[in-house]
Amino acid sequence: MKNSKGPGGLQITIVGAGKVGTALTEQLSREGHDITVIDKDSSTIEEITSTYDVMGYVGNGSNFMSLHNIGIESCDLFIAVTDSDELNLLCCTFAKRVSDCNTIARVRTPDYSSETKYLCDKLELAMIINPELESARDIARILYLPAALEVNSFAHGLAEIMSFKIQDDSELLGLKLSDLGSKDYMNGVLVCAVERENEIMIPTGNYEFQAGDKVSFVAIRSSLRYFLSKMHFKSKSVKNCMIVGGGNLSFYLANELIKSGISVKIIENDSKRCEELSILLPKAIIINADGTDEDLLKEEGIETVESFVPLTGIDEENILLSLHAKNSSDAKVVTKIDHVNYKSTINKLDLGSVFYPRYITSDAIIAYVRARSASKDINNIETLYHMYDSRVEAIEFRVDKKSRITEVPISQLQLKDNLLICLINRKDKLIIPSGSTKINMNDSVIIVTTHSGFNDITDILE
């Protein structure tokens with residue numbers, strides 16, 4: 001039986017029930033939206049409708065009759081995430097012609113990456129998502145700061161949320177969070193979340209750092225290097241990177257790294273693709289070989305390389321390659337995982353920084369959906385990231401109007417528990433707030449919380 005729309009819920013159509021479509025369906029249905037999923041494969045539709053409280057339709061999302069049959073006329077948001085860029089664009093174009101809905105297309109091909117704004121304007125798209133390009137940027141941020149397990153950017157790149165594992169020799173061991181107030185290296189830095197033995201907390205002053213804790217810090221970029229040096233975290237970017245696999249993600253990542261002066265070597269088994277990459281990336285070293293061959297990896301320098309990123313299309317290969325790199329070198333390792341079935345097991349393995357491309361796509365779309373749910377005209381969520389296996393959300397809200405949270409000292413706000421106001425961006429001046437700080441109109445506010453589903457900044461209040 002189909003759910004009715006929850007308060008503020010939208011009627012959303014998702015075309016394509018692959019990994020990203022399923023991730024979107026899971027998250028958006030949980031947040032109370034009315035979801036219809038279209039896919040050509042009947043068994044896929046049967047599986048997704050039996051798992052989630054959504055409607056399914058077997059058909060072609062670019063067919064007028066299919067769109068009419070699912071009630072496209074009353075659709076608020078249309079999302080096309082099939083494996084075909086062209087089909088996604090075509091589906092959105094058709095949906096726009098028969099409905100007043102907003103449209104989002106997943107477009108991954110490098111040929112279109114420089115034309116995103118043009119396509120959005122001409123096809124009246126609300127958004128184009130390129131998961132490989134966004135994934136590449138996420139990986140690059142980690143390689144620029146190799147001590148971190150995860151790096152997320154806020155305030156137009158002026159601030160970062162970084163996650164580190166506390167080592168046995170850390171300067172922080174035995175200290176309480178309240179002890180850090182007097183430390184000069186914490187100026188412009190704030191502890192915002194901790195994972196200990198699979199338990200998540202938004203820490204209070206009594207929290208005491210222990211070895212093995214995964215701790216997330218919000219840091220103003222100008223304060224970052226000093227903090228990292230005092231913590232003895234490696235703050236210099238890697239100088240070189242070995243990538244196994246030559247797909248679109250490898251191309252985007254290599255391009256990002258080369259622009260930053262990092263040497264790149266790509267190992268790819270397909271000779272034709274190697275020729276293409278040699279033309280696209282003249283400054284990279286392209287090796288036509290089997291990247292899973294242990295002797296080949298040793299010959300190409302895995303023992304001395306500073307970073308290693310397996311980007312094959314097979315999770316098991318990526319995991320084994322990462323374990324091998326961790327065992328045979330001191331390289332910073334980043335592991336791509338497409339499937340999420342065995343997250344608890346994967347988290348126990350020493351795979352360096354692990355990322356899931358499907359969530360990069362879904363986070364951007366969910367941020368847009370939540371903003372649309374809060375206001376039909378205002379997109380007030382700048383950025384949204386899920387952290388700690390989606391148990392923590394970091395959200396950047398833009399404050400566009402006066403409300404119960406504006407012009408009141410933070411200490412007087414009735415905030416929900418398990419929530420921290422981390423940072424205020426006021427005309428590109430970043431403020432780590434205290435109890436006396438007030439939120440003003442036109443500020444951007446970054447919050448970290450274990451709650452889910454915030455659509456508006458006022459949701460932080462009881």
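**From single residues to the whole chain**

Aspartate 428 counts as exposed because its relative accessible area is 52%, where exposed means over 50%, buried means under 20% and partly exposed lies in between, with a 1.4 Å probe and protein chains only. This is a predicted model, in which local features need pLDDT of at least 70 and side-chain atom pairs count only at pLDDT 80 or more, while totals for chains, interfaces and linings use all residues. Residues are numbered from 1 along each chain as its sequence is written, and side-chain values use heavy atoms, with hydrogens and water left out.

Aspartate 428 is placed in the loop between E20 and strand E21 (429-431), the helices (H or I, at least four residues) and strands (E, at least two) being DSSP runs numbered from the N terminus. Although aspartate 428 is not a glycine, its phi is positive, at about 70°. A positive phi, near 55°, is also found at glutamate 407, again a residue other than glycine. Glutamate 407 belongs to the loop between strand E19 (392-398) and strand E20 (419-426), and with a relative accessible area of 46% it is partly exposed.

A loop can also hold a buried residue, as aspartate 338 shows: it sits between strand E16 (332-336) and helix H13 (343-346), yet it counts as buried because its relative accessibility is 14%. The side chain of aspartate 338 makes a polar contact, at 2.9 Å, with the side chain of lysine 336; a polar contact is a pair of N or O atoms within 3.5 Å, of which, within protein, one must be able to donate a hydrogen and the other to accept it, and residues adjacent in sequence count only if both atoms are side-chain atoms. Once neighbours within four places in sequence are set aside, aspartate 338 is in contact (heavy atoms within 4.5 Å) with Lys19, Gly313, Asp315, Pro357 and Arg358.

Not counting residues up to four places away in sequence, valine 218 touches Glu160, Ile161, Gly188, Val189, Leu190, Cys192, Cys422 and Leu423.

Among contacts with a separation of 6 or more, 61% join residues 24 or more positions apart. The radius of gyration, taken over C-alpha atoms, is 23 Å, which agrees with the value near 23 Å for a compact globule of 462 residues; the globule rule is 2.2 Å times the number of residues to the power 0.38. Along the principal axes, the C-alpha atoms fill a box of roughly 65 × 65 × 40 Å.
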